[in-house]
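Thanks for sending this over. Here are my notes, written to be read with the model open beside you.

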Amino acid sequence: MASVETAAEHERILREIESTDTNCIGPTLRSVYDGQEHGLFMEKLDARIRNHDREIEKMCNHHFQGFVDSITELLKVRGEAQKLKSQVIDTNVRLQEDGKSLVGSMEELKKCRVQQRNIATTVDKLTHCLPVLEMYSRLQEQMRAKRYYPALRTLEQLEHTCLPRAGRYRFCTIMSENIPKLRTQIRDTAMTQLRDFLESIRKHSDKIGETAIKQAQLQRSLDSGVTLQPRALIGRRGRKEAAGTESGGHGGSPISEQDAGVLDVEDEEAEEVPGAQDLVDFSPVYRCLHIYSVLGLRDVFENYYRKQRRKQARLVLQPHSNMHETLEGYRRYFNQIVGFFVVEDHVLHTTQGLVNRAYVEELWELALSKIVAALRTHSSYCDDPDLVLDLKNLIVLFADTLQGYGFPVSQLFDMLLEIREQYGEILLKRWNVTFRQILDQDNFSPIPVSTEQEYRQYTSQFPLQDPELEKLPFPKKLPFSEFVPKAYCQIKEFIYACLKYSEDLHLSSTEIDDMIRKSTNLLLTRTLSNCLQYAIKKKNVGLAELVQVIINTTHLEQSCHFLEEFISNITNVPPDTANATKLYGTSTFKDARHAAEAEIYTSLNAKIDQFLQLADYEWMSPAQASGNLATSDYLVDLITFLKSTFSVFTNLPGKVAQTACMSACKHIATSLMQLLLDPEVRQISIGALHQLNVDLKECESFARAGPVAGFQGDTLLLAFSDLRQLLNLFTQWDWSTYLADYGKPTCKYLRVNPHTALALLEKLFKPMKETSRKNVVLAQFKKADRDRQKLIDAVIKQLRNLIAQHHA
């Protein structure tokens, strides 16, 4: 069984050897040697080889005759082949000889074709290279001409279009290497020009702002009452040119290739005030913007521009420390700010996105806060109302100019209202000095007028309405002094000054009217009132001056309704408008008049005291007949003084003269009474009472003569009634009547007080009592003296009882 399998396996290996490539027979043979029957396999292999040899031999025997025949024919063909070879060699030789000239021609043709191809290639290459060279040459010319934006465009076209077509030549490589350098050079040069531009507008912002403000002022003067057209101040022609030259802010050529700078305005008196575009060459901004946009660095440029302008804004908004000293300092400050924002506004409207509305508004809010703070600080140092008024007009023009560019300026007008309070205080200080100067220069006497022209001159300054005075012939006197028309004119000047400040503040007529009235009230109630008090209270002011002050204040009080009408006329607000502020002039002049009246009473009494200090009564003088007694010299002088004084009081209004006269008489009576009851006067004789009685009669005669008109009957005599009844009681020695009727309304001596009577009686009784003590030892009293002594004792006792009853 095993031998059968082995035989089958050997058969398989033999077939595989026969059918397999020799290179792959190794594994097959190895399988034979791996087995145990390789000897047997060798035997079979030899047997197979012998079989193949016999088959080859059979095949060769079968084809041998054909092979022999083929060799025979081949030998025959060799001879013919030799002949043919010889012919071919001969033919080739002849052909070579004949083709030499053709080969030469073909070589020449080949060379021509190569040259032709080279020429075509060269032309093609030059076609691509020449635009590169031409463009590079144009680029160099543009760089030399400093036309950097077109140069950058040329550079872009050269890099992305021409150089790729030209191929890889050395000059192309050099150009490619130079392109970044040129781009950097253009960027740096554009930035340098931008810096120059920024520096230039920083230096010339004053001129730019001045021109814009002039244009706003011209516009307002030409179109008064017409709302300023927004954006009119930039210059119509300049704005249109800028708009026409800009195409989207990114493309298009710059408006100008000139250097940055502010153009000189040679004709200041030109018909049209130049706009910002006429003054400033904005081409560096546009050019730099385009260049950085093309370079893909627009954000870098925008950030740099805004950062630099913010720095410049801070510098512009920083005022000089002495700005408040002159108006020119404020004007320069405002011009720089206006110039700054005119430039920003123009850039905003002629570029797309370099600055936006939010950025400009942010800058303006920053500027507004700093401007308001600076003006509040510096205006507080100012004490000149004219400078404050000029500053206000300058601020209004500044605000109107920027408002024409669309900037909100309400805070500036609010600040102007705050400054108005300060302006009012400065005005009050100036008018305080003015009023004092008028009072110091016033002679406090009625104004004499000798002609109709003089009279009309004064009545044109002050609304005097006195028909009786007009009927009087010339020369005549106005009742008031120079102070009245001058003060009235100054009040009107003050009102005009207040009105000037209120103009152009965008206030209603009612608001202006209210502000003027409040300021005028302060002038009247505080400034003028204080000045009048100063004039009344100052030293060495005479009664005539005080009388004239009363007359002056009376006429000023009567003129208050004319001031009301004056304010209504200049503000076009009817005086009867609801909630309208009323002038307090009436109360002011009334208070001043009352103060003058009180000062008159005080001064008059002080003058009377000066005369009374000259009184020198002999209190122990012996009794004399009344006919032998004369009025005291001091009293004669006093009465003469009072008569001359009260003659001046005839022009006083109301009951001032009557009050002064009554006050003087009462003061005289009180002073005489005090002389009687003076504790230092310990003893008084009846003769002294008679002398005092004579003086009192002189006073009563003065009062009875009516030194001042207006008293009814003997009203003025009532001032002396207390002293009169007291002296009558003692000179007539009518104690029985006094004691019997005391306390009754019909009592003859109703005004005699028991205290006063007792004190005076004790002064009279004291010398008599001492005399009685000396004579009591000698008992030499006369019966009349004893009776008188008893009567005095009884009277004293009863008076003390009356006093005790009164206290009980």
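1. First, some ground rules. This is a predicted model, in which local features need pLDDT of at least 70 and side-chain atom pairs count only at pLDDT 80 or more, while totals for chains, interfaces and linings use all residues. Residues are numbered from 1 along each chain as its sequence is written, and side-chain values use heavy atoms, with hydrogens and water left out.

2. The overall picture. The chain has 27 helices and 4 strands; these are DSSP runs numbered from the N terminus, with helices being H or I of at least four residues and strands E of at least two. Of its 808 residues, 43% count as buried, where buried means under 20% relative accessible area, exposed over 50% and partly exposed in between (1.4 Å probe, protein chains only). The accessible surface comes to about 44700 Å², and carbon and sulfur atoms hold 51% of that; the areas come from the Shrake-Rupley method with a 1.4 Å probe, and for residues only the protein chains shown count as cover. Taking contacts between residues at least 6 apart in sequence, 79% join residues at least 24 apart (contact means heavy atoms within 4.5 Å).

3. Aromatic pairs. A search of the whole structure gives 26 of them. Rings of Phe, Tyr and Trp (its six-membered ring) pair if their centres lie within 6.5 Å; planes under 30 degrees apart are stacked, over 60 edge-to-face, and the rest tilted. Tyr496 and Phe566 make an edge-to-face pair, with 5.2 Å between centres and 85° between planes. Because Tyr496 sits in helix α16 (residues 483–502) and Phe566 in helix α19 (residues 560–571), this pair ties together parts 70 residues apart in sequence. Tyr496 is partly exposed at 35% relative accessibility, whereas Phe566 is buried at 12%.

4. A stacked pair to compare. The ring centres of Phe646 and Phe702 are 6.3 Å apart and their planes meet at 25°, so this pair counts as stacked. Phe646 belongs to helix α21 (residues 633–648) and Phe702 to helix α23 (residues 686–704), 56 residues apart. Both Phe646 and Phe702 are buried.

5. Charges over rings. A charge sits over a ring if NZ of Lys or CZ of Arg is within 6 Å of the ring centre and within 35 degrees of the ring normal. Lys476 lies over the face of Phe474, 4.4 Å from the ring centre. The charged end of Lys392 sits over the ring of Tyr501, 6.0 Å from its centre.

6. How many disulfides are there? The count is 0, a disulfide being a pair of cysteine sulfur atoms within 2.5 Å. For Cys661, the closest cysteine sulfur is in Cys665 at 4.4 Å, which is too far for a bond. Cys661 is buried, at 0% relative accessible area, while Cys60 is partly exposed at 48%.

7. Thr189 lies in helix α5 (residues 170–222) and counts as buried at 19% relative accessibility. The side chain of Thr189 reaches the backbone oxygen of Gln185 at 2.7 Å. Ser529, in helix α17 (residues 509–537), is buried at 12%. Leaving aside neighbours within four places in sequence, Ser529 is in contact with Leu524 and Thr588.

Terms used
A polar contact is a pair of N or O atoms within 3.5 Å; within protein, one must be able to donate a hydrogen and the other to accept it, and residues adjacent in sequence count only if both atoms are side-chain atoms.
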